[in-house]
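Welcome! Please take a look at the sequence and model below before reading on.

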Amino acid sequence: MRARAERAEQRAERAEQRAQAQREQRLKQIEQAQVVKKQFAAFKELTAERREKLLGSLTSTRERLAATTELWTVARRYYALFRQGLLYDEIAKSDVDLAADTYLCLLPSTVPAALVLSRKFGGRVICDCVENVEVHRHSLAPNLSPAALEMVNTTAYGALAQCDGLMTVSSSVATTLERFGPPVRLQPNYRRLESPAPSGTLRDRCGVGEDATILITTGNVVEGFETLVDALALLPDSFHLVALVRLSPAAYEERVREHISRRGMTARVHLLGFAPYDELPGLLMDADLGIIMLDPGNANHSVALPNRVFDFVTSVLPFVAPPLPEFEAFVTEHRCGSITHDLTPEGWAKEIASALTHTSARRSAAHVARQSLTWESQEEALVHFLGEPGSVTMLGFRDLTRYQRFLRIAQTLGTRGTQVKAVFFSENPAEVNIPNTEFFYFSDRYGRGSGLQRLHSHD
């Protein structure tokens, strides 16, 4: 009995111990649960604080973004004025020595930078105004607010009045520049004297035979191409139009392509795009007649004497042009083209057909004109107008490695020993090798770059 009682007592004791251990374990679990609960409560509170701060930050960011957007909506109207200072800002970032005897500016927009350089280092400032001074009279006029437009034009007027000389491409533009005061030089876009041979490739590129009559047009086209397509439709099926052009803007190119398709002229209109400058004369010599597409109602076109005139002369290719003062004077003097006064499709078609019956005499006249209308014939007077400089810095917002007029000027100066530096904007400059000439460019149109980069040529 005693043994059983002892065993029972032991079992009871062990049971009590187990119960005590379980009670202690539960107490620990309760304590741990309370700790976790407190930690979770603290974490929840911290998360709530962080969420509140984040929401506040997002609200503040939205408010700042809305304010910035509203500010940009207003300020973007004056972006053209910002670009007036961008070129000098890029120059200021660089340690390139741009001091020169003469600063040659492409268009009034680059004159402010040249004036700052001139005041700092000395030197004459010449502006080459290759189109109307007023930006709203450009072929593709920028969409500026009235206030910004007035400010851009007024800046141009003031800049030109401070120049030492002005240059331009036509007598009509030269006349408009006389009001600013500095002497004005007419420097037409003559090509260098050359006697190109036909390329013999144009018909193959268009997939047409020797019996086809090739009409060819070149340059930038911003309006009026549809009329030429309609005129072609009135001519025999053997007539083809080759367009070595850039149709601008993109929306206009799309409309032209749709018009060609709608008129069923896809097989007779060949949109080939720009040809390389050196290859252009040979391609033009493969054609039968040149066409110049400019609109007399366009303010910039009305004073133009564009490169394509002299491209046609170099290639002894007769041409038909609209009735613009510069064209009419040129045709009257040199007799290598004709003018259509009727700018309807019917008028163009009639004049084209007539011009093709006079090509022999007009080619002979173009041969004569080609001998005198040369870049070489102007070089002495050009260098004198620039001040017989030992150094020239050329400034432009367009890619000067692809701008033939300034390349010809650089060639003229460089071969005479003048040190030339060209400063310009380009996202992809071409490789150019001209004696005594260096090219420096910036590639970010918003002024976020590191300054001017030197374009290294490879001999």
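## About the model

This is a predicted model, in which local features need pLDDT of at least 70, side-chain atom pairs count only at pLDDT 80 or more, and totals for chains, interfaces and linings use all residues. Residues are numbered from 1 along each chain as its sequence is written, and side-chain values use heavy atoms, with hydrogens and water left out.

## The cavity

A cavity is a set of points on a 1 Å grid over the protein atoms alone where a 1.4 Å probe fits but cannot get out; its lining residues have an atom within 4 Å of a point.

Which residues line the largest cavity? They are Arg191, Phe310, Val313, Thr314, Arg370 and Leu373. Helix H10 (residues 307-314) gives the most to this lining, with three residues; helices are DSSP runs of at least four residues, strands of at least two, numbered from the N terminus.

## An aromatic pair

The structure holds nine aromatic pairs (rings of Phe, Tyr and Trp, the last by its six-membered ring, with centres within 6.5 Å; planes under 30 degrees apart are stacked, over 60 edge-to-face and the rest tilted). Tyrosine 190 and phenylalanine 310 have ring centres 4.9 Å apart and planes at 80 degrees, so this pair is edge-to-face. The pair links distant parts of the chain, 120 residues apart: tyrosine 190 lies in the loop between strand E4 (184-186) and helix H6 (202-206), and phenylalanine 310 in helix H10.

## Helix H1

Leucine 54 is found in helix H1 (residues 2-75).

Note on methods. 1 Å grid on protein atoms, 1.4 Å probe; cavity = no way out; pocket = protein on both sides within 12 Å on 5 of 7 lines; lining within 4 Å.
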